[in-house]
Every structure is written in C-alpha cells, then in structure tokens.
Amino acid sequence: MSHNNVRPPQWVLRFLRWFCPDHLAEEIEGDLLQRFARDVKTFGERKARRRFTWNAIRFLRPGIVLRNKLSIQLTPFYMLGNYFKVASRVMLRNRLYSFINVFGLTLGLTGACLLFLWVGREFSYDQFHADKDRIYKAWNREVQNGEIQCWSKTPRVLAPTLVQEYPAVESAVSYARYGSSQLFTAGETRLIKNTGVYTDAQFLTMFSFPLLKGDPSKVLREPNTMVVTEQFARQLFGDREAFGETISIEESGYTFQFTVAGILKDLPPNTDFYFDYLIPFSFLESIGEKDTYWKNNSVETYVKLRTGESADQLNEVVKDVAKKHSDKETTREIFLYPLTKMHLYAGFENGVPAGGRIQIIRMLGLLGICLIVIACVNFVNLSTARAQRRSKEVGIRKVTGAYRYSLILQFLCESVLIALGAGLLSLILVYLLLPSFSTLIRQPLTLDFFSPYFWTMAFSLTAFIGLAAGLYPALYLSSFRPVRILKGVAITTGNRGWLRQSLVVFQFGFAVMLIVSVIVVSKQVRYVQHREAGYNREHLVYQPATGSLQKNYSSYRNDLLSSGTATSVTMTSAPITEPWSNTTSLQWNGKDPADRSVVERFIADEAFSKTAGLTMLQGRDLDLQQFPSDSSGALINEAAVKLMGFKEPVGEIIVDGNTEWHVVGVVKDFVITSPHQKIKPLVVMGCQKNMFSTIHIRLSAARTSQENLKALSSMFAKYDQSHPFEYHFVDEVYQRKFDGIRATLTITGIFSALAITIAALGLLGLSIYVIESRVKEIGIRKVLGGSVAGVVKLLCMHSLKPIFLAIVLFSPMAWLSMSWWLQSFDYRIAMNVWVIVSAATVILSVAMVTIVSQTLRAANANPVHSLRNE
Amino acid sequence: MAKEYLGEFEELVLMMVAALQEDAYGAAIADEIETRLKREVNLSAVHVTLYRLEDKGYIRSKMGGETNERGGRRKRIYTITSAGLAILRTMRDARLEIWKMIPQFKMSGI
C-alpha cells in the first residue's frame, strides 16, 4: 500500500530517542508510528506529519523524562530529605559546635564579603567609559639624579600638539584642577568652590559622563560657557532650571559671566575624575592666558586614539615630542599609559610600571580569602575531631546498605546547610554594616539585591565554601569500616592529629601576622602624630584671600593687629598645611649642573616665621616695613641649607627663573607636605603680589577662640561683603593628614579582631573535644593522686603546642611584610623584636584564656562522675 | 489502604487495561477511549498514566512479539494485577453505595 511508504519526520524520532528513556523508547515509537499510519489515512500526509511531531513533542514531560536511569536518580533525591533532617538534628543536638561553625563562618564570610565588594569597586574604576580601550593618559618620563622618574602632569600645549602632529590621535584634551577658590553668584545664592576643572571641548565626547541637558559635542565650544553637575546646579539654583542661566564667577578680584551650557549627571563613585563644574580652556585663552610653555607641567593630558591604532607604535614616535618643541638637551619623554590602568597600576619604578594601588587591593583580596579559609578550617577540624561521635551512625548506615557515595553526599549536605545558613546570616550582617564600612573606606559601596548575577555569585560562593569545607570530613567519615566501629574498636585519630594541628598553626599564624600589623600600624600612627611639626598649630587660622580682602589687605591687617585679635598676620600663596609648588630648576652658587633635586616653593609677604611660630636659626624674619628690599628676600629651611651646601646661608642668592632671591634667614625644618615623609628643602620667597591666595592669622592666645572668631568675622564683613566668612583652624586641618593611616589602622584592627575571634572559636571547640575524649584519663589521673595544676598543665601543653609553632613560623613573615609596609614612609618607626613579642603575648593569652577556662572545669570535676558509668 | 486513590483518568485507563486483555498497549488504549467515549486523548498522557499505574503495582507489563506494522517496533502489553482488580472493585462498590443513597424519584423526575 502506498501509505506504508510515507515516512514520518526522522528528526522527530531522533529527538524522541534523545530525551526518552531507552527502555521505553521502542513502544512509544511504535505507538506513535501506528497513530501516524492511521492519521495518513484519515487526514492526509501533511496533517499526519504535523500531528506526529506534536504528539512526539508532548512526550517531553517529567513523567517520561524523569524515568531516565530510574534507580540511580531517584534514590539520592529520596534520601535528600532524610539527610537534611539528620543534619538539622545533629546541629540542634550539638548547639555549641553548630554555633562555633555557623558563627565563625558568618564572621569570616561577612569580612570577606565586605572586602570583596571593596575590591570589586576598585576594579570598576573608570571602566565604564565606552571607548576606554582607546583612551590613554600622557605621562612624563625623565632621568633625575640617575633614576627615571615618571609623573602624569604634562604641559598644556601637549594636547593640541598631539592632535595636530600625530594622525593616530583622534582627539586629546587637557584636564587641569588648579584648585583655586572661586566665588559663584547665581541670583541670591553665593558659594565658594575650588572643585572646578579646566578642560577642552572634546572632554565630554571622549569620556562617558552623560549630560542631562546639552549636547556633548557642542558644549564648552564657546569660551564663556560652562558645564555643571546636577548636584552643583541644585546648590546654586535650588529647584529652578539651571540650563541656559548665567552665573558669575569671581576669582582674585576679577569677575566673569558664564552661561550654563550643559548639566552633567552626577559623577559615579567609581571614577578618579572629580569636579563640580567644567570650564573650557578656551576661556583662559580668551582672557590672554594662553599657556604654550613646554616646561610648565601643570595639566593632565588624555588622548583618544583612532580605532585600530596601537599605542605601542605611537609611543615609539611620541616620546620625542618634548625634545622637538622644547629644548634639544632635555631627557624628558612623553609616553601614553592606558586609562584602564590609571586607578590600580599607576605605580612606576625607574620608568617601568611597578604595581601601584593593585598591591594593596591584592592584599585585601588575600585577606578576604584567608578569613574564609580560617573559618573553613574550624569546620574541618571540628568535624574530624568529632568523628568518634558520628562513627556509630556511619556504621549503622553502612550495615543497612548505604553506599560510600551516599554517605559522602550526606556529609556534604550538612556542610552546605551550615554554609548556606552562615551565608544568609552574613548577608544580613553585610547589609547592616555596609553604610559604616563605606564611611570607613570612603567609598560608597552598595549591594545589588536586584541583580541575578549577585545572587548567583552569593549562592555559588557559599555552596562552594560548604563543599570545600565539607569534602575532607565527608571523605574521612565515610571511610570508616562498619565492622570495626560496631565492634567498639576506637577510631585512631593519631595520624589525623597532625593535619588538625597544622591547620591550627595556619589559623593562628594568620592571626599573628594581623596582630603584628595592628601593633606596627598603631605605633606608626602614634609616632607620626607626635612628630614635631616645627610650627605652632594652636590659635592659628587661615582664610582664603578674596579679591576685596587683598585690595584692603593693609587696613584689614592693621585692624586685626590693633584690636588685639591677632598677634601676627601673613599673606601666603597657600595654606601652611599644603605644598604650593615645587621645582627642580632653582640655581644657586656652587650647584652641580646634574643636580635635579626637588625644592618646594612657598610665598609669604612678611612675618611668616612669627605668624606660623617657626624657630629662626639664623638671620631674621621677612619684614617689608623695616627692609623694603625684603620684597626679594627669602627664608630657607635647614634641609635647603644642607642641599645647597651653604656655609653662611644668610646673604646667599637663589635664582628662580629671572628673579634673584637673597636669603635673609634660616628656619628650623617644619612639616609642610606629608608628616610621613622627609622634610623637603623649602624656599619661602618674599612678596609676589599676584600669587597670594591665603591669609594666615595668629590669634591672640589671651582671649577665647570664640571672642577671636567673632571679632574676625565682623572685621571680615567690613572689608568683604560679597564672600561668606570662611576660616580654618590649622590644627584641625593638620589632623586630617592622618585620616588615611587612621583608616588603615581601623581596618586592620577590625579584620584582625575577626580573625582572632574565628581562630579562638575553633580553638575553643577543639579543646572541648580534647577534654571530652580524655575525660576518663583525667578521672584516673586524679584518682591516682594527680593534682589539678598537673592535669591543667598536661591538657594545656597539648593545645598550646601548635600556637607556639604558629608564632615561630609566621613571625618572620609578619616582620618582612610590615618592614615592606613601613618603607612607604620616610618618617617611620624601626621594626623591633618587641612588636613580635607583644603580638605573641596577645595570641598566647587569648589561647590560654580559651583553653584554661575549659581545662580548669574538667580538672576540677569530681572523678566519680567520669568513672562511674562503666 | 486509606491513602490509595485513583484519579478519574487513571481509573479509566486501568479499566481499559482490564478490558482489552491481551491487546492492551498504549495506542490501542488511546484509540479505544477515543472511539468509545468520544473523547480526545493525548497519547503521552496515556503512557505516563500506564507507567504510574505500573509503579503503584496495579498493572504489570511485558514486551509483545515482533510485528511488521508499526515500523517493526514491539508493543508493551499490560495486564492488570490482582491489586488493580481489587481497587477497581472497591471503587465500583463505593460508587454503587452512593448511587443507592440517591432517591429514585429524583432520578425519574428529570
């Protein structure tokens, strides 16, 4: 018959065979084919094929598919409920052990989770720019005193030159944060800001900072336009529309009008770019400040290459750009370094990339992993130590027919259960702690509860930890021979002992390293905070020298002095707590032409040493009124005397550019840059009118600061009605220099406390176990006349041995790593043995308290209780 | 046996197995239900029900002999077990008990 020749679609049959259990396939196919033959007769071939396909696909249902490998698949699922039931019973029966495991793991996970979030944030810095792989930052490289120095400040003229002369460059922008205070007036609102950036028009097309209003390719084209962030616009205009409005900006007595041409979405937290508003360079150039000087390295230069161009090839030619345009003798070279590496890999050593922030980030990641590992160690140790207790269960299960793999599965289930419980708890903890942790590390971290990625990561991480921690105990416990267990032969833990002990050694070694670091960091903090700053920070305030204040400076100063509010007033180029400018090109008598040492520059009008409370070593203070020639006078510090090799410094001449400065006095070294670093050579140059930005005022110590401030503010209002009254106490500002290292101290403190707690918990569990398993031995010893002290000593020595070993093995590592850390500070403590000794004491006393509290109880117990039940 | 319970379709298939005897296999049962009850049945539903009944122990199966139809595939022939017959009886008896409770006049008064 012709119908017999009609064949059903073969791919359907293949598909059916694929998902259908082998033992069912034949009859199902048969039934389907029978129907197909019937359908061909009734409906015709086309419809029959369709019905055949549809009927076959309908077999793809759990009732069929799950019958694959019936016996193997169903049993574990069936047993799973039982495993979880037994696991929860075991956990509830041994509350202390469950607590140690879950709590330890929770602490470890929480710490690690916070660290991983932080690390993740660090890696995300500036990775969101669409063209990030084509954007590079220009760096300078120069041989200075025999070593290649690299720095990322470049001349303003570099960006336009690169675009003009190198076809591989698509666009290049200068980016400058001069940090000068600018007064903003918009309607009634007045604000002082120094968070502005001068840049080129292509900045917003190069980087992916989205504009809420305005066209990225058009804003900043006109000189008198600017772009503000959403937040700054709100500060200036409140709820009013800022786009298209006019803002006037006043700086050092000059006022300019700007139109808001764009409003920028607030910058994301993970970027190194930081500004409230952007002003085009074309504005500076329109007022005649065109900077074409190749030696003025004051801006950052970002370069976007054309698609497909290689930075390595461009670097080959671009390095000579400074030589071509500046002087022929210079050894300075320009090179491009990827934007994506700017945040973490911006450390250079002798001209080659050498880590940078990544080193710290790696340490943080390692710290997180170690925290998890030591929490897992607790689990491994406690489970194997308690093997004896579970051995009967293993024996019975095996006798009633359990396979080894099902026992392994059972124990893994338990550990995964514990890990998931701990994971859930630590998620809650992380959520609660995140705000304070964010403040501590000064990075706003967030948990992304809505991203499936986050949940997958969290779940798989905890499950992985459960599996990793549970694997060894599971293999070990499931390997027991039922005959031996059920006969009552004790399980020998002798050769397992060394594994447990070495894990304890690792735990406590890690704790030792952390404690050493806490001690070293806190000593260093104390040391630097007590460093002699070299000037008197009490009663010293500074305020920005606004335009009108500068115009009326001498009357303002006289008022302050005559009213008795101030004892001394000095106008300077920068606050005394900040460096202002440095240079390598000062000239003096007898200077070695190859010497490229950096000298700090500072500008002050007069009485600088009196106002700041410096100690004069030789000569006299700057004093314009008595010595008009002091407008070209200078003070130098001891470090400068040493550098310049002056025998008789007073009267020596120092040349800066075209100006000759004659030294009138030498001051004792004082901290002007970082209190962690060596004091750099400094020249305080006399009066240079247009460089002033700050007024330092030494308030009268005889009056309270409140009285002084009140008087100060009323005098300020007399001479400057336009600016808000602003002042800073130098001692407060000085303390901010320690924010970074204090945060380091808190962070190491927190994490070492975590590590010690976890390790001590583990030790507690282990010592309870040791006592439990030796309770009869203790009873017998006491019956035979052993003293409580003797028994305690016996038990303690056993538990303390690995801790001694940890101290011996890990102290050298702690020593080395902390010496490495200290090397980043010039002004630092010396590592000494007492650091290690005190860390060892801390660790030992924690361990002693843990162990002795348990052993004492056991040793004091009446032996009758332990011995009567046999 | 309090928990033992058959769904409507299960019961139907089980009765078909009992009724068709030596010719009880998936497609035949489906055809029979379609012709006798004028009810569209899905072949895969019949198969799944058969396997479930087998799991419960109401029917057992063996592969039939080679055939030339059906592309040479063998049939799986199902036979009812005594447990299967017992539950069919229990269910029928239970239904009859309830039928008896329904007053006759209501039946005739349709």
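**Notebook: helix packing and the A–B contact**

I looked up where α6(A) touches α25(A): Y97(A), I100(A), F103(A), G104(A), L107(A), G108(A) and G111(A) of α6(A) meet F751(A), L754(A), T757(A), I758(A), L761(A), G762(A), L764(A) and G765(A) of α25(A). Contact here means C-beta atoms, placed from the backbone, within 7 Å. By class, this contact has 9 nonpolar, 6 polar and no charged residues. Ala, Val, Leu, Ile, Met, Phe, Trp, Tyr, Cys and Pro count as nonpolar, Asp, Glu, Lys and Arg as charged, and the others, Gly among them, as polar.

I note that this is a predicted model: local features need pLDDT of at least 70, side-chain atom pairs count only at pLDDT 80 or more, and totals for chains, interfaces and linings use all residues. Residues are numbered from 1 along each chain as its sequence is written, while chains are lettered from A and ligands numbered from 1 in the order in which they are written.

Next I checked the geometry of this pair. Helix α6 of chain A spans residues 95–123, and its axis comes within 10 Å of that of α25(A), crossing at roughly 160 degrees. Axes are lines fitted to C-alpha atoms, for helices over the stretch in contact, with angles from 0 to 180 degrees between N-to-C directions. Helices are DSSP runs (H or I, at least four residues), numbered from the N terminus. I find the crossing of α6(A) and α25(A) left-handed (near helix turned anticlockwise from the far one by less than a right angle; clockwise is right-handed).

I then turned to α25 (residues 739–773) and α27 (residues 788–822) of chain A. They pack at about 140 degrees, with axes 11 Å apart. α25(A) and α27(A) are therefore oblique to each other. Their crossing is right-handed. On α25(A), L763(A), L766(A), S767(A), V770(A) and I771(A) meet L795(A), H798(A) and S799(A) of α27(A). I count this contact by class as 5 nonpolar, 3 polar and no charged residues.

Last, I looked at the chains together. In chain B, 16 residues are in contact with 17 residues of chain A. On the side of chain B that touches chain A, α2 (26–37) and α3 (43–56) of chain B each supply at least two residues. α3(B) gives the most, with 5 residues. That side of chain B divides into 5 nonpolar, 5 polar and 6 charged residues.

Technical notes: Angles under 35 degrees count as roughly parallel, over 145 as roughly antiparallel, 65 to 115 as roughly perpendicular and the rest as oblique. Two residues are in contact if their C-beta atoms, placed from the backbone, lie within 7 Å.
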